Amino acid sequence: MRVVSLVPSLTEAVARTRPEVLVGATDWCTHPADLDVPRVGGSKYPDLERVLDLRPDLVLLNVEENRREDAGALTAAGIPVRVTYPRTVPQALTELADLLAALGVPEEPGWLVAARRAWSALPPPDPAVGRRAVVPVWRRPWVVLGSDTFAGDVLHRLGVTNLYATDPDRYPRPDLADLRGRRPDLVVLPDEPYLFTADDGPQAFPGVPCALVSGRHLTWYGPSLAQAPAVLADQLARPVTSP
């Protein structure tokens, strides 16, 4: 089998489990660090000619990462695609297990077993003690996590209540006044897709604790899920506050 992955987290999952089948990945597929396969451009705008030149038996896609028209073009060219769309941690674990089984992996790899164990060990979230947060994923314009997102479920399981979780949009675009007006206890600032840093982000929320977190552990569903609860809990517990 020959697999091209256009989803960084799935690239890592395949590379860690059945590396011999992975024949192509995007420029944004940064894990494992020693990944050495042909690159086919970005997730949103892959070079489909390069994908086809790799003669894949399967291309891995995601509803959020990739465009419907690219999936359609690959299908029209006779290339089977597998489209993922997890919105919760349990869905992500199930989709990963199903994918690996489809790739001929006889049993769940250690990283997936560890991920199941890490998330099942968390106590149920207690809304009475949870932190009320806004979670920007972009600025200029501001874009935040809204309803029904994987990252939102990750944070919920870690005791963080997303103040936009009931918004009709999955990724609302509120202005800064609205963000501040929600009066969050915490602002969660991941380092991807927008690279928020201590010098770029907290200054927009003076006096409000801002947790700088790993975007990979917040949004990727793959081997990083095994470490995500511990990594994110530590980062959420060490916010910075801009005067």
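Reader: Why is Arg183 called exposed?
Author: Its relative accessible area is 65%, and exposed means over 50%, buried under 20% and partly exposed in between (1.4 Å probe, protein chains only). So at 65% Arg183 counts as exposed. Before we go on: this is a predicted model, where local features need pLDDT of at least 70 and side-chain atom pairs count only at pLDDT 80 or more, while totals for chains, interfaces and linings use all residues. Residues are numbered from 1 along each chain as its sequence is written, and side-chain values use heavy atoms, with hydrogens and water left out.

Reader: Which loop holds Arg140, and what is its phi?
Author: Arg140 sits in the loop between S6 and S7. Its phi is near 60°, again a positive value in a residue other than glycine. With a relative accessible area of 61%, Arg140 is exposed too.

Reader: Where do the cis peptide bonds show up?
Author: One joins His31 and Pro32, with omega about -5°. Pro32 belongs to the loop between S2 and H2. Another joins Glu192 and Pro193, with omega about 5°, and Pro193 lies in the loop between S9 and S10. Most peptide bonds are trans.

Reader: How do you know that S5 and S9 pair?
Author: Strand S5 (residues 131-134) and strand S9 (residues 186-190) share two bridges in the parallel sense. Two strands pair if DSSP finds at least two bridges between them, so two bridges meet that cut-off. In S8, the bridge partner of Ala133 is Asn162, and S5 and S8 pair in the parallel sense over three bridges.

Reader: What makes S8 and S11 edge strands?
Author: Take the whole sheet first: five strands in the order S8-S5-S9-S10-S11, open, with mixed pairing. Strand S8 (160-162) and strand S11 (240-241) each pair on one side only, and that puts them at the edges. Helix H9 (residues 228-236) lies across S5, S8, S9 and strand S10 (209-213), running at about 150° to S10. That angle is between N-to-C directions and can run from 0 to 180 degrees, with axes fitted to C-alpha atoms (for helices over the stretch in contact); contact means heavy atoms within 4.5 Å.

Reader: Why is the crossover from S3 to S4 called right-handed?
Author: Strand S3 (residues 58-62) and strand S4 (residues 81-84) pair in the parallel sense over four bridges, and the chain gets from S3 to S4 through helix H3 (residues 68-76). A crossover is right-handed if, with the strands pointing away from the viewer, the path from the first strand over the helix to the second runs clockwise. This β-α-β crossover is right-handed.

Reader: Why is the pair of Trp138 and Tyr194 called edge-to-face?
Author: It is among the five aromatic pairs in the structure. The ring centres are 5.3 Å apart and the planes stand at 80°. Rings of Phe, Tyr and Trp (its six-membered ring) pair if their centres lie within 6.5 Å; planes under 30 degrees apart count as stacked, over 60 as edge-to-face and the rest as tilted. So 5.3 Å makes a pair and 80° makes it edge-to-face. Tyr194 is buried at 12%, while Trp138, at 36%, counts as partly exposed.

Reader: What makes the pair of Trp142 and Phe196 stacked?
Author: The planes are 10° apart, with 6.2 Å centre to centre. Trp142 lies in the loop between S6 and strand S7 (143-144) and Phe196 in the loop between S9 and S10, so the pair ties together parts that are 54 residues apart in sequence. Trp142 is buried at 10% and Phe196 at 3%. Ring pairs link Trp138, Trp142, Tyr194, Phe196 and Phe205 into a cluster.

Reader: How do you know that Arg182 lies over the face of Tyr164?
Author: Arg182 is 3.9 Å from the ring centre. The rule asks for NZ of Lys or CZ of Arg within 6 Å of the ring centre and within 35 degrees of the ring normal. Likewise, the charged end of Arg87 sits over the ring of Tyr85, 4.1 Å from its centre.
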